[in-house]
Amino acid sequence: MRSMHERMIVVALVASLGTACGSEPAEGTPSAGTTTGAGSSSSTPDSSGGPASSSGEAEPTTEIVPGVGIGDLTIGARGDALADLAGEPDSSLRFGNLVLLTFENEGLEVLLVAPIGEELTATAKVLSIAALSSDIAFSGPALPGEEREDVLMRSGTPSESVGDADFYEAGWSVVYRASGKAKSVTVFTPYTIAIEPPPMTPIGG
């Protein structure tokens, strides 16, 4: 069971993804297809609502998997693996031992954490991954740009809500705009809501 302290850190940080960080791609910026690692590609959806190749066959999408990752990027992956999969980030925001990286062509934001007291290096670990762009061909329980009522109809009532964000214990969340459309869809480690605090244990024991 994830501790209340860890859960609230994730809740606070995930709720801020794509909002306070200002990492949303600029309006009108064209989005070419993206590749998040070998074998996991996506392209701009056609007018039928799904990506299609020149041959008329559907192109593979970048899958959003709750509690696991997005495409080939997975929760817990090392920083050096992230660099190999996604390349250099377009922007970064550092706070404490956390860093938020934006990959515009991938339509992704990745939050990493390093050991306390150490610089963020290749050994940093991925804490959460957010899908931001409705122009990228994502698939999953919710998609950027999707209406909240459609997400709720398909996925049910969220485990909890904080502001404009809905959280699901399976390891995913959605931040909504005032219009009700999904601004970002984030995956992180699954958690369990504990009504009662865990029993206290002696220090060092």
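Guide: Ring pairs link Phe167, Phe188 and Tyr191 into a cluster, where rings of Phe, Tyr and Trp (its six-membered ring) pair if their centres lie within 6.5 Å. The model is a predicted one, in which local features need pLDDT of at least 70 and side-chain atom pairs count only at pLDDT 80 or more, while totals for chains, interfaces and linings use all residues. Residues are numbered from 1 along each chain as its sequence is written, and side-chain values use heavy atoms, with hydrogens and water left out.

Visitor: How many aromatic pairs does a search of the whole structure find, and why is the pair of Tyr168 and Trp172 called stacked?

Guide: The search of the whole structure gives 3 aromatic pairs. The ring centres of Tyr168 and Trp172 are 3.9 Å apart and their planes stand at 5°, so this pair is stacked, given that planes under 30 degrees apart count as stacked, over 60 as edge-to-face and the rest as tilted.

Visitor: What makes Glu160 count as buried?

Guide: Glu160 has 18% relative accessibility, and therefore it counts as buried, a word that means under 20% relative accessible area, with exposed over 50% and partly exposed in between (1.4 Å probe, protein chains only). Tyr168 and Trp172 are buried too.

Visitor: Which side chain does a polar contact join to that of Glu160?

Guide: The side chain of Tyr191 is joined to that of Glu160 by a polar contact of 2.6 Å. The term asks for a pair of N or O atoms within 3.5 Å; within protein, one must be able to donate a hydrogen and the other to accept it, and residues adjacent in sequence count only if both atoms are side-chain atoms.

Visitor: How many residues of strand β7 are buried, and which way do they point?

Guide: In strand β7 (residues 98-103), 6 of its 6 residues are buried; strands (E, at least two residues) are DSSP runs, numbered from the N terminus. Leu98, Leu100 and Thr102 point one way from β7, whereas Val99, Leu101 and Phe103 point the other way.

Visitor: How do you know that β7 pairs with β8?

Guide: Two strands pair if DSSP finds at least two bridges between them, and β7 and strand β8 (residues 108-113) have 6 bridges in the antiparallel sense. Leu101 has Val110 in β8 as its bridge partner. On strand β6 (residues 91-95), 5 bridges join it to β7, also antiparallel, and Arg94 stands opposite Val99 in β7.

Definitions and conventions: Helix = DSSP H or I, 4+ residues; strand = E, 2+ residues; numbered from the N terminus.
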